[in-house]
Amino acid sequence: MTSTQKNGQFPAIRPRRNRKTLWSRNLHRENELTVHDLIWPLFVVDGQNISTPVSSLPGVNRYSIDLLLNQVARACEEGIPAIALFPQTPDELKTADGQEGINPDNLICRTVRQIKKEFPDIGVICDVALDPYTSHGQDGLVINDYVDNDSSVDVLVQQALVQAEAGCDILAPSDMMDGRIGAIRSALEDHGHVNTQIMSYAAKYCSSFYGPFRDAVGSTSTLAGAGKDSYQMDAANSDEALLEVAQDLAQGADSVIVKPGMPYLDIVQRVKSELKCPTFVYQVSGEYAMLQAAAQNGWLDGERVMMESLMAFKRAGADGIWTYYALDAAKKIRNTN
Ligand code: PBG
């Protein structure tokens, strides 16, 4: 060391020392991704023996209940803690008021009952929002060209109750109406579902990264280009996400979701570090589609970007991740350990 170099500087400090060997990199790793971090979204359709690929989500299929059960079995084998269910409702059942969403025998409720019967030990999450059931594709009721808040909340409460009744473990309201968490929580209390969890999509941005999901559930055509800007958050805002999360926690949410994921890592970090609550992140359909498309073209190493993107969520502070990669990531984690 020359006289001009002091302690605390190169070459005393050589960060590469810790990176030289695999054992040392393993030892110094600050964050770990485990199978327990993963939530697997699955799409369900009516019928028998159906498995249809979603073209904008390479590797993702819609399954009828009989075949979906095989996927749930795979999730259980890998130790994935929870799956999240989304229905593709036949167009003839879609109405302006989304009544099929509160039918206790709708596709989602039948799926939940079947899964809970055959696989009681995996967590089942249901989406609370009307978009799979409305003829206009909006998450709530439309009055005078506006998605009306309070009347939508009344329907969402009924939807939450039929799902809880069917045996759903975690309700995940993704509708972004104001006050819905409090209304759902008090209805659950009134009906004896005191342990039904609510994982709120609290900071849900109005994002174009949801495109492939809307193809999967069939709401791209019903929405017909209309936006969700009057209820989902403006991509330019960050403080507002903290207000949304604080509100939902105060109203009885057990955990919250930031969505989308990778373009909103700053929000994940702020929610976790400032509000210190159970924080989840949704790696949404468009994020998955981008990575898969590039991987299919040989432009990216699919497996490595999968693991890198998931690790980024852990580093930002997420306690868990909704991802279409859940099964593949679980296998990769098992094979690496
Ligand atoms: C429905 C809902 C959406 C997603 C989850 N629940 C789409 C939307 O709000 O239009 C998006 C999931 C994804 O893109 O993977 N309210």
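User: Which residue classes does the lining of the largest cavity have, and in what numbers?

Analyst: Ala, Val, Leu, Ile, Met, Phe, Trp, Tyr, Cys and Pro count as nonpolar, Asp, Glu, Lys and Arg as charged, and the others, Gly among them, as polar. The structure is a predicted model. In it, 15 residues line the largest cavity. By class, this lining consists of seven nonpolar, two polar and six charged residues.

User: Which element gives the most to the lining of the largest cavity?

Analyst: Residues D131, S174, K204, F213 and K259 lie nearest the centre of this cavity. The elements that give two or more residues to its lining are β4 (82–88), β9 and α6. With three residues, the element that gives the most is α6.

User: Where does the ligand sit?

Analyst: The shell around the ligand divides into nine nonpolar, three polar and seven charged residues. Of the 19 residues around the ligand, those that come nearest are K204, R214, K259, S285 and Y324. The place where the ligand sits is the largest cavity.

User: How far is an oxygen atom of the ligand from an N or O atom in the side chain of Y324?

Analyst: Y324 is among the residues that come nearest the ligand. Between an N or O atom of the Y324 side chain and a ligand oxygen atom, the distance is 2.6 Å.

User: How much space lies in the second largest cavity?

Analyst: The whole structure holds three cavities of 30 Å³ or more. The largest cavity has a volume of about 130 Å³. For the second largest cavity, whose lining includes D46, P87 and Y133, the space is about 50 Å³.

How values were computed
Residues are numbered from 1 along each chain as its sequence is written. This is a predicted model: local features need pLDDT of at least 70, side-chain atom pairs count only at pLDDT 80 or more; totals for chains, interfaces and linings use all residues. Side-chain values use heavy atoms; hydrogens and water are left out. A residue is near a molecule or strand if one of its heavy atoms lies within 4 Å of it. A polar contact is a pair of N or O atoms within 3.5 Å; within protein, one must be able to donate a hydrogen and the other to accept it, and residues adjacent in sequence count only if both atoms are side-chain atoms. On a 1 Å grid over the protein atoms alone, a cavity is a set of points where a 1.4 Å probe fits but cannot get out, and a pocket is an open set with protein on both sides within 12 Å along at least five of seven lines; lining residues have an atom within 4 Å of a point. A molecule sits in a cavity or pocket if more than half of its atoms lie within 2 Å of its grid points. Grid points are joined across faces, edges and corners, and a volume is the space filled by probe spheres set on the points. Helices (H or I, at least four residues) and strands (E, at least two) are DSSP runs, numbered from the N terminus.
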